[in-house]
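Try each task before reading its solution.

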Amino acid sequence: SLFFTLVLDPEHDILNIAKSGRSAHLLFVWARHPQGMAVLASVLIVLCAVSAATWFKRRRRPPIVPDEQEATRTLKQYPVTGQKEESRFEKGRTPDEGRSLVSLAGPRRPLLRNRLIRGTAFCVSLVCVILTTGSSGIPFAKSYSITRVDIEASVNPDGSMDVIEKRTFRFTFESGTRFPGSFTWLSQDLLLAGCQGISGVKVSEDGRDYLPASFGPGTYSVEETHDMVRVTWRFEPTDESRTFELSYRVKGAVVAHRDVAELYWKFVGERWEVSSDNVTVNLRLPQGARLDEVRAWGHGPLSASVRIVSPELITWTLPHLSPGRFLEGRLVFPKRLVPQATNTDDMDVLDSILSEEEAWAARADRERAVTRLVTQSSLFVLAASVAATVVLHILYGRDPKPD
């Protein structure tokens, strides 16, 4: 199970959930995960195949009717081998050296059949319980998830970047009940690395602006340290999906080098404790560049993609982002688009950026190839194991026939 978990879950979402400590029952978290359900289904298929093969083999065997008196006498005199000799047993009969205690006692068909039935019933019951708890949320006291992330960013002529982040949170409580004080606030850390500061922070929901305050629903507060800005907003407890909008301005996000302008920004950080689904980032540049003058890359999970839609629009998409992982974008474009840039240096960096990104792209391609190879080989090994188990059990799993 651990092997298939690591193979079918290359982003290690299950392991990250375990390290985050937000789930009290890791087994149910693992089982509710799509890859975890695939592992459970594979194990259940193997068990059902073996059970069916054993049952079919037992039905084909003729019943053995033992001689109870002879079996009792043999068990008393020869408890080890159950063999009898002419000098010690009935005179005038041919020694029966091929009969053993197992054949004399008869087949243990009811015991084996009951064990197989109980084992199969337990596996089916476990899967049913997992599917039921996955929809009802009974094992967890409270939890939340991010079902959608939409980020709109725009680069200004002075090299700053305006960002609007929309996140849809899905809150759940135990047995669908509502507890006062549960999930009344959320916080997000905005790192200051690679910029000259963050300003103009605002929080809103459904077009309603939150008020700057330190307590109460519908308020938000901003705390700035030497390396980050922490935004905390408060709301009424709920067990429904809610979409919050966080907007801010990143000063000095674009670095104007001597040859090109560069934007290197982590749009989704690694400090989220839950996974994010359906992540989309749209970055807009000022007009004035040609398509061949704009280059873009993405850093993060292998399932992420980047697309240059036009010289003014670049898009990053990601279907699933595990907790502890990040989505980062890198972009180079003509420096004439940011004539008033405040973050500048006197270095030629285009060649080094291209070589660096080329090396990272080659490594990502190798990782994708290895992941595909391991996944395909694992499925082949699983299918071969099931077939081999059934064939070997039919051919060599039979008890020896009594004489």
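**Exercise 1.** In this predicted model, find which residues line the second largest cavity, and sort them by class.

*Solution.* Start with the lining, which is made up of V268, G269, W272, V274, S276, L321, S322, P323, G324 and R325. Next, sort by class: 5 of these residues are nonpolar, 4 polar and 1 charged.

**Exercise 2.** Classify the ring pair F169 and F171 as stacked or edge-to-face, then work out which parts of the chain the pair F169 and W272 ties together.

*Solution.* The whole structure holds 10 aromatic pairs. For F169 and F171, the ring centres are 6.1 Å apart and the planes meet at 15°, so this pair is stacked; the cut-off for stacking is under 30 degrees. Both residues are buried. Now turn to F169 and W272: with 6.2 Å centre to centre and 50° between the planes, the pair is tilted. F169 sits in strand β2 and W272 in the loop between β11 and β12, so the contact ties together parts 103 residues apart in sequence. W272 is buried, as is F169.

**Exercise 3.** In which sense does β7 pair with β6, and in which with β8?

*Solution.* Take β6 first: its pairing with β7 is parallel, over 2 bridges, with L211 bridged to T219 in β7. With β8 the sense is antiparallel, over 5 bridges, and V222 has V231 as its partner in β8. A hairpin through 3 residues joins β7 to β8.

How values were computed: Residues numbered from 1 in each chain as written. Predicted model: local features only at pLDDT ≥ 70, side-chain atom pairs only at ≥ 80, totals over all residues. Heavy atoms only, no water. 1 Å grid on protein atoms, 1.4 Å probe; cavity = no way out; pocket = protein on both sides within 12 Å on 5 of 7 lines; lining within 4 Å. Nonpolar A, V, L, I, M, F, W, Y, C, P; charged D, E, K, R; others polar. Pairing = 2+ DSSP bridges. Helix = DSSP H or I, 4+ residues; strand = E, 2+ residues; numbered from the N terminus. Phe/Tyr/Trp six-rings, centres within 6.5 Å; stacked < 30°, edge-to-face > 60°. Buried < 20%, exposed > 50% of the residue type's maximum accessible area, 1.4 Å probe, protein only.
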